[in-house]
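Hello,

Here is the structure I promised to pass on to you. Have a look at it first, and then read my notes below.

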Amino acid sequence: MRQILLTGGTGNLGRAIIQSGKFKNLLTPSSTELDICDQNQVRLYLEQNDIGYIIHAAALARLTGCENAPAEAIRKNIIGTSNLVSSVLSRECRSGKSIRFLQISSDGVYEGTEGGYTEDGPTIPKTNYGWSKLGAECAVRLLDNYCIIRTRFFDKKNIPFETSASDIYTSKISLDELVLHVYQILLSDYIGVLNVGGNKISDFDCHKNYKLSIKECLRLDIVKEVPFEVPKDISMDTSKFIQLLDTLNAKH
Ligand SMILES: NC(=O)c1ccc[n+]([C@@H]2O[C@H](COP(=O)([O-])OP(=O)(O)OC[C@H]3O[C@@H](n4cnc5c(N)ncnc54)[C@H](OP(=O)(O)O)[C@@H]3O)[C@@H](O)[C@H]2O)c1
């Protein structure tokens with residue numbers, strides 16, 4: 001199997017991918033060894049390695065960070081991703097070999113009011129983070145062999161809140177499940193956008209299963225505390241994803 005390049009290996013998702021041990025031939029350069037904002041470095045890295053797959057998990061992934069520093073959100077999320085995509089296109093052209101690209105995107109590209117969002121429906125982000133992830137998606141769509149995974153995840157072992165809202169709904173998925181699905185999607189031939197998540201659930205109902213001490217609050221309590229727009233219902237229609245899993249399971 002050709003090498004898999006993972007960006008963002010020191011982040012929450014990147015660490016879980018590495019620790020899962022599922023991914024063989026994994027290259028996990030630090031952000032100094034491969035700064036996605038440095039177009040030359042990215043181009044050279046792709047020239048010097050025989051990469052067949054990219055899992056692009058590096059980003060400015062914090063909502064507050066993107067709200068307070070929009071230029072940084074553009075630099076890392078839009079320009080950084082575009083640098084990778086441009087280098088993939090050149091490398092594919094020179095080597096004649098395809099590189100499969102998995103973009104870790106976000107449910108934040110959806111409006112977050114009504115829920116049940118489908119991959120082909122409108123994308124109307126309400127935050128700088130959402131816009132910058134949508135900008136990244138635009139570049140990735142210029143590739144031939146890509147999958148954009150729109151998701152939201154949580155770590156069962158580390159829920160860093162003391163309160164969670166019982167009236168904010170998402171399709172969040174645990175980190176360990178997401179890692180497994182990233183692996184399945186990487187090896188599949190699915191091309192396009194995929195909502196990857198679990199059933200619609202409130203933040204409180206989800207988190208209370210893993211952190212007994214968590215207290216219930218309301219969305220309005222959170223709105224007062226943060227500088228970004230908080231969704232009411234950003235749950236996704238995951239039927240395409242479920243259909244893909246059924247197809248993959250039937251093959252094995
Ligand atoms: N957390 C969520 O619930 C969630 C939901 C949906 C989608 N996502 C997406 O999932 C991905 C992973 O999220 P996460 O929570 O694991 O993020 P994270 O913990 O904040 O990690 C971000 C990663 O990006 C790397 N990075 C930042 N700037 C870079 C640069 N210029 N060059 C190379 N690497 C750079 C960081 O490296 P350093 O440590 O060296 O800075 C770090 O490894 C992101 O694309 C995020 O948008 C996250």
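The largest nonpolar core has 26 residues, and among these Ile55 and Val182 touch the most other members. By nonpolar core I mean a set of buried Ala, Val, Leu, Ile, Met, Phe, Trp, Tyr and Cys residues joined through side-chain atoms within 4.5 Å; buried is under 20% relative accessible area, exposed is over 50%, and partly exposed is in between (1.4 Å probe, protein chains only). At least two residues of this core come from each of strands E1 (3-7), E3 (51-56), E4 (100-106), E5 (146-151) and E10 (192-196), and from each of helices H1 (12-20), H6 (175-187) and H9 (239-251). H6 gives the largest share, six residues. Helices (H or I, at least four residues) and strands (E, at least two) are DSSP runs, numbered from the N terminus.

This is a predicted model, in which local features need pLDDT of at least 70 and side-chain atom pairs count only at pLDDT 80 or more, while totals for chains, interfaces and linings use all residues. Residues are numbered from 1 along each chain as its sequence is written, and side-chain values use heavy atoms, with hydrogens and water left out.

Back to Ile55: not counting residues up to four places away in sequence, Ile55 touches Ile4, Leu5, Leu6, Thr7, Ile17, Phe23, Leu102, Ile104, Val182 and Leu186 (contact means heavy atoms within 4.5 Å). Another core, of 22 residues, lies apart from the largest one and includes Leu5, Ile54, Ala58 and Val193.

Now to a helix pair. The axes of H4 (residues 70-95) and H5 (residues 128-140) come within 8 Å and cross at roughly 15°; axes are lines fitted to C-alpha atoms, for helices over the stretch in contact, and angles run from 0 to 180 degrees between N-to-C directions. H4 is therefore roughly parallel to H5, a label for angles under 35 degrees. Among the residues making the contact are Ala73, Ile78 and Val85 of H4 and Tyr129, Ala136 and Val140 of H5.

Two single residues may also interest you. Lys211 sits in the loop between helix H7 (203-207) and strand E12 (215-217), and is buried at a relative accessible area of 17%. Beyond its neighbours within four places in sequence, Lys211 contacts Ile159, Pro160, Phe161 and Glu162. Leu63, in helix H3 (residues 63-68), is partly exposed at 29% relative accessibility.

Best wishes

Conventions. Parallel < 35°, antiparallel > 145°, perpendicular 65-115°, else oblique.
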